[in-house]
Amino acid sequence: MTHLLLLFLATLGFALLCVSRARHQRDLIGCKLSERTTDFARWCGVAILALAYLLAGYRFGWAVGTLEWLGLSSIGAVLTMAMLSHRSGQNSPPR
């Protein structure tokens, strides 16, 4: 169960970091967010990734927890990239 929570947190953290980029905002949301909202999304993404790291370290011990966090964060980043690729493919004009 902890693995699923860590994967969810990692995916959410990377998705928020993705939304904090102006070019990804256009693909995901369709409009540009304000600077304040962009900064908030960036800091929330970093905080969620740090929370996932602390949770993994507490639950599995710091040596194994770091490896769990790195592995599940990598999977979360790939899932976020796949979601972004899928969404930007939908918004591109037909050929």
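Among contacts (heavy atoms within 4.5 Å) in the protein between residues at least 6 apart in sequence, 69% join residues at least 24 apart. The model is predicted: local features need pLDDT of at least 70 and side-chain atom pairs count only at pLDDT 80 or more, while totals for chains, interfaces and linings use all residues. Residues are numbered from 1 along each chain as its sequence is written, and side-chain values use heavy atoms, with hydrogens and water left out.

**Overall architecture**

- The protein has 4 helices and 0 strands, where helices (H or I, at least four residues) and strands (E, at least two) are DSSP runs numbered from the N terminus.
- Read from the N terminus, the order of elements is α-α-α-α.
- Along the principal axes, the C-alpha atoms fill a box of roughly 50 × 30 × 15 Å.
- Of the 95 residues in the protein, 27% are buried (under 20% relative accessible area, with exposed over 50% and partly exposed in between; 1.4 Å probe, protein chains only).

**Nonpolar core**

- The largest nonpolar core consists of 6 residues: L6, L9, I48, A52, A56 and L72; such a core is a set of buried Ala, Val, Leu, Ile, Met, Phe, Trp, Tyr and Cys residues joined through side-chain atoms within 4.5 Å.
- At least two residues of this core come from each of helix 1 (2-19) and helix 3 (35-60).
- Helix 3 makes the greatest contribution to this core, with 3 residues.
- Core residue L72 touches H3, L6, L7 and A10, not counting residues up to four places away in sequence.

**Packing of helix 1 against helix 3**

- The axes of helix 1 and helix 3 come within 7 Å and cross at roughly 160°; axes are lines fitted to C-alpha atoms, for helices over the stretch in contact, and angles run from 0 to 180 degrees between N-to-C directions.
- Helix 1 and helix 3 are therefore roughly antiparallel (angles over 145 degrees; under 35 count as roughly parallel, 65 to 115 as roughly perpendicular and the rest as oblique).
- The contact residues divide into 17 nonpolar, 4 polar and 2 charged, with Ala, Val, Leu, Ile, Met, Phe, Trp, Tyr, Cys and Pro counted as nonpolar, Asp, Glu, Lys and Arg as charged, and the others, Gly among them, as polar.

**Residue T38**

- T38 lies in helix 3 and counts as buried because its relative accessibility is 6%.
- Apart from neighbours within four places in sequence, T38 is in contact with S20, Q25 and L33.
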